[in-house]
Amino acid sequence: MSKIIRTEPNPILSKVVEYHGFLFTQGFVASDLSADITAQTKDVLAQIDEALELHGTDNTRLLQAQIWLKDINDRDALNAVWGPWLPKGGAPARACVEAKMAHPDVLVEIMIIATK
């Protein structure tokens, strides 16, 4: 059996779960919740980069992204950061929806599946 690697597990979730070369991340939110959608998106993507690097991969290996926005009208601002962050020709399958967030100042949350 393949080993399951859990990064920074706590009683309710792990930051990343690695299994058979696949990486499943938690939903990442910005560290600074006073920031606007652009800054929050940049922060979240930087956190995803760090998590991927820790597991020996990067955003060229993305398979799927799930994105939740507090306000779907922020989609264009999100995409203005998301698009340049993606490698050319490397966009993952993606869903982007409006959702009620767990904290009122969270504007974006992103969860990804990637491979090594």
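# Briefing: strands, core and a buried glutamine

The model is predicted, so local features need pLDDT of at least 70 and side-chain atom pairs count only at pLDDT 80 or more, while totals for chains, interfaces and linings use all residues. Residues are numbered from 1 along each chain as its sequence is written, and side-chain values use heavy atoms, with hydrogens and water left out. Helices (H or I, at least four residues) and strands (E, at least two) are DSSP runs, numbered from the N terminus.

**Strand pairing around β2**

- Two strands count as paired if DSSP finds at least two bridges between them.
- Strand β1 (residues 5-7) runs antiparallel to β2, with 3 bridges joining them.
- I5 has E18 in β2 as its bridge partner.
- V16 has T25 in β3 as its bridge partner.
- The hairpin of β2 and β3 has 2 residues between the strands, and H20 there takes a positive phi near 55 degrees.

**Strand pairing around β7**

- β3 pairs with β7 (108-115) in the antiparallel sense, over 3 bridges.
- L23 has A114 in β7 as its bridge partner.
- Strand β4 (residues 28-29) is joined to β7 by 2 bridges, again antiparallel.
- V29 stands opposite E109 in β7.
- β5 and β7 are antiparallel too, with 7 bridges.
- L69 has V108 in β7 as its bridge partner.

**Nonpolar core**

- A nonpolar core is a set of buried Ala, Val, Leu, Ile, Met, Phe, Trp, Tyr and Cys residues joined through side-chain atoms within 4.5 Å.
- The largest such core has 25 residues, and I48, I67, W82, V108, I110 and I112 have the most contacts inside it.
- At least two core residues come from each of α1, β5 (62-69), α2 (75-85) and β7.
- Helix α1 gives the largest share, 6 residues.
- In soluble globular proteins, nonpolar side chains tend to be buried together.
- Contact means heavy atoms within 4.5 Å.
- Leaving out residues up to four places away in sequence, I110 touches Q26, G27, F28, V44, L45, I48, Q66, I67, L78 and W82.

**Aromatic pair**

- Rings of Phe, Tyr and Trp (its six-membered ring) pair if their centres lie within 6.5 Å; planes under 30 degrees apart count as stacked, over 60 as edge-to-face and the rest as tilted.
- The whole structure holds 1 aromatic pair.
- W82 and W85 form a tilted pair, because their ring centres are 5.3 Å apart and their planes stand at 40 degrees.
- W82 and W85 are 3 residues apart in helix α2, so about one helical turn separates them.
- Both W82 and W85 are buried (under 20% relative accessible area; exposed is over 50%, partly exposed in between; 1.4 Å probe, protein chains only).

**Buried Q40**

- Q40 sits in helix α1 (residues 37-54).
- Q40 is buried, because its relative accessible area is 0%.
- The Q40 side chain reaches the backbone oxygen of D105 at 3.1 Å.
- Beyond its neighbours within four places in sequence, Q40 contacts A30, D32, L33, A35, D105, V106, L107 and V108. V108 is also among the residues with the most contacts inside the largest nonpolar core.

Key: A polar contact is a pair of N or O atoms within 3.5 Å; within protein, one must be able to donate a hydrogen and the other to accept it, and residues adjacent in sequence count only if both atoms are side-chain atoms.
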